[in-house]
Structures are given as C-alpha cells and as structure tokens.
Amino acid sequence: MTHATHRFTLLALAGWVLTPIVVLALRAVSLSWRYPQIMPMATASGGAFEALADPRLVAAAATSFWLALATGVLGTVLGFVTARLVTRASGRLQQLTWLGALFLVVAPPLASGVGLQVVMLSLGFGGTVLGVLLAHLVPATGYLTLFAAGILGSMQSGIEDEARTLGASRLQVWTRVLLPQLAPRFAESVVLGALISWGQLALTLLVGGGVVRTLPVELLSLVRSGNDQAGALAALVLSLPPLLGLGLLVRATRRTGAAL
Amino acid sequence: MTRRNVAPLAAVLLIASPVIVGVAYTILAALGLRGAGASELTVRHVAAALGGWDTWRGVGWTLATAAVATAVAAAAAFTVALRVQQSPLGRLLAVLPLAVPHVAAALAALLLLSQSGWVSRLTHAAGLTPTPADFPALVYDRFGVSLVLAFAWKEFAYLVLTAVAVLGTLDRASDEVARTLGASARQVFWRITWPQLWRGTSPAVIAAFAFLIGQYEMPALLAPSTPTALPLLIYERSVDPNLLRRGEAYVVALLALTLCAGLIAAHGIWRRRLPGVTR
C-alpha cells in the first residue's frame, strides 16, 4: 500500500468515526445552534453546562454508577465461577455453556425482558434498583462468562498442577497462584461488566418501569422532549467512562504487545 | 451424566435461570395462562400476533435493516482492518465507536442526518437544498437510512477489532509460498487471505447481526413508527393500555428469541466447522 493510500484511508476513517462524536460535542457546548449554521455561532461556557448540575441528571448518574459497579462485581464473580467450573467439564457441556452464554449476550433484551419483568414484579422487585440490577446481570454474566472462559482457557494449568505437586493445599493454590495471576483480569472484567450496565436502556425501562431513572433513561427522555443540548451533554457524560475504559484497555494491550 | 459435570451444570443453570424462568413465563403468557387478562389456555394472542400484517412487516423490516447494516459494517471493517492493521493510530480510531453507548450514537445520528441536521446544513451551504424540507428524510424514514448508518457505525468498531485480531493470527508463510509460485497480490488475497479472514470473523458477523435484531435504543430514536421495528413492537405491545394486546408482546418476544436462537445455532454449526475448535 502506498503512503498516499494509507493517508487517504486514515483520513476517511477519521471522518467516518469522528464526525458524529464532534457534532455531538459541539451540540453539547452550544446553547443554540440553529439551521443553517454549520458551526455554532457561540459556544457558551457556564450556561451550557448548567444541565450537568440538574439534580435529576446527578441522581440518574449516581444510580447508573452504583448499578454499573454492582453489575461489574457480581457479574465477574458469577462469570469466573461458571467459566472455571465449565472449563473442567466435558466437551459437550462446555459447548452448550458457551452457546448459552452467547445467547445471553445477543438475545434481544426486550424479548428476554418481558418475561423477566413479570418475574421481577411477582418477586416484588419491579420498579426497584435491585430488580434492574438483577436484569442487568443477565447480559453481563453472559459476556463475562465468555470473557473469563477465554482467559482461563489460555492460562497454563501446569502451574497449578506444579503447586499441588509441591504440596500446596487447594486454598493455597487459589491464594498464592491463581488470584495473583487473575487479579488484573478481574479488574478488567469488573470494568467490562460495569460498561454493559452503564449503557443499558431497554432492560432498565422494562424492569425499572420508568421509576428507576438511570442516565440512558434520562437521555432518552431529554431527546424525546426536544432538549438536544442537555441530551448531547448527557450523551457525552455517558460516553466518558467507556472512553476511559477503552483508553486503559489500549494501554494494557500495548504493554503486553497485543493488537488494538 | 458424569460426576464432574454436576457442579458445572448447576452453575450454568444458575446463570441461565433468569432467562429460563423469563422464557417459561413468556410461553405461558403467550398462551393466555399468565399475565394481564389471563384466563384459560388460548391461542388468541398467537393468532392475533402472527396473523397480523404489522408483525411480519416489522420482522421483515428489522431483518432487512439489520442485514444491510451488518453487510455495510463488515465490508467497511474488512477494508479498514486490512489497511490499518500495522497502524496503531488507525486501529485506535477504528475502535473509538465502541466507547459511545448506542443511545448516544443514536442522538449523534439524529443531529447529523435529520432534515435540519449537520449534513443538511452542508448541502444547504453547497446550494443543493434551499430549505430543510428539500433534504431527503433520512430519519424516521421507511428505508431506515439513519438507523442502518448508526447500526453500521457502532458494529464497524467491533468487527474491525475482530478482523485485526484474526489477521494477526494468520500464517503468512502460505502467502509467500503462493507469491513465489507466481500468484498475483489479488490472487493471494482472494485465494488465501480472504477465506481465512472470513472463516475467523464470520461468528462475529453472525453475532453482530443477531445483536442488531434486538437492539432497542437506536430504533427508539431513529426508526419510523410504520413499519415498526421488532424491539419497539415488543415494547409498545407490552405497555399497551389494552390488556388483551399485551399478550401479543409475549408472542412477538418468542418470535424474536426464536430468530436469535436460530442464529446462535448457525453460529454453533459454523464453529464446529472451524479447525481446532473443541467439539
């Protein structure tokens, strides 16, 4: 590939990827951006960010944060335990589990959620943060089981066997060998699980019944009410943690020499 | 069943239990045995949902938009991955859309592609569209143009990531042997690189397609009300003030789950055919 072709590819790629993000950012910092202005006439400084101090948005961001954290932690525990048990099972059960986990990941949230919604209601969790958390755990556990399976599958089981041969108890194998090896992966898994919950809208609406207000729910209602500027600001806030997560992932993969 | 399979099976059942219970409830509700307005075993909801033109039109429209978006995203992802696999800046740019949640990306598409959006302003400045009404309706339109582009924008990043990973694992020795034997660069690509790239990325392409069928956030902001996208159809019916219509939501949900299960099965069969995959 010639240098010129490479530069053209990078430019086209930058245009395709960055244009929506730049337009979103410009809308977020402009109090007014009327047709046919291509660029906003003036980007307000303080005024544009007033929406960020809106108690509704602050409360929604806090709810989203706690839900994401709890989903990440609980999903990691469930995902790693399941993957650990399944990697030692027979091939057919393993295959069934990976397909089941994949189903949890790609099953339409609303399709699996309509039944889940009534189950939550009958358990008394409908319209509660706990009910929404349990609902978020469904896709998150699917993702994190697949994630944990990839890690545990590529780990050398020889180290574990050697530790057992040298007299380490089962507990010592866990505390001295496996956990130190897996700690960074647990952290990545928590981040991944948290991100799945952070952007979740369909299950929150269905199980939360409009009572549990997360950032995506507030964003949807802002856009539907025609408040594009506050909506764009909320969209940027919603995009920041995943961007940070992606940055950490890029840093980690560069350190290990993997491609990203 | 062997003893070593008991604990793993229990774990699998635990993580799948919410979906198993949810699906069981959905089946009962679709048959009129549970849920709002439940009375006795009936196929009334099934007949109403499956006999309605709206449902099949929505299913067809959803499959078509998801298929076109997946094809666009995959074609763009393969092209870009082949060109930027050695460029850290290119790879970083390509995966950026992963960081933007679907609902935020849908708002960006709305700001870009609506009749008073940024693209419309550019065409106005170029003298092509004197008023917003002269710009073609790309949002809430029956062809789902903005929805397809927004879907493709999001899935592109996931498919580039997969394609770059697959390209990194390819054995380049066969390329060199083919070149030594006189194959042109084009022949090397189509006969050696492409089959391996497609084989490695096709499960991800199927997963992306299945994911788009059930995507709610983007259709909620960009899709037309007629035909109604499958996830919107489920949501609208599930909150319909007419309790009798709520039963139809469960039937449509089962239809979506069946479509999804079919794709997962296709994915499983595909994986079995891959060399080196545990059976």
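Let's start at P227(B), which sits in the loop of chain B between the helices α10 (217-222) and α11 (230-238). Helices here are DSSP runs of H or I with at least four residues, strands are runs of E with at least two, and both are numbered from the N terminus. The peptide bond joining T226(B) to P227(B) is cis, with omega at about -10°. Before going on, keep in mind that this is a predicted model, where local features need pLDDT of at least 70 and side-chain atom pairs count only at pLDDT 80 or more, while totals for chains, interfaces and linings use all residues. Residues are numbered from 1 along each chain as its sequence is written, chains are lettered from A in the order in which they are written, and side-chain values use heavy atoms, leaving out hydrogens and water.

Chain A has a cis bond to look at as well: it joins Y35(A) and P36(A), with omega of about 5°. You'll find P36(A) in the loop that runs between α1 (3-28) and α2 (55-87) of chain A. Back in chain B, Y140(B) has a positive phi of about 60°, even though it isn't a glycine. Y140(B) belongs to the loop between α6 (118-125) and α7 (145-169) of chain B. Why point these spots out? Because most residues other than glycine have a negative phi, and most peptide bonds are trans.

Now look at where the two chains meet. Counting contact as heavy atoms within 4.5 Å, 79 residues of chain A and 82 residues of chain B take part. Together the chains bury about 7000 Å², 79% of it on carbon and sulfur atoms; buried area is the accessible area (1.4 Å probe) that two parts lose on being put together, summed over both.
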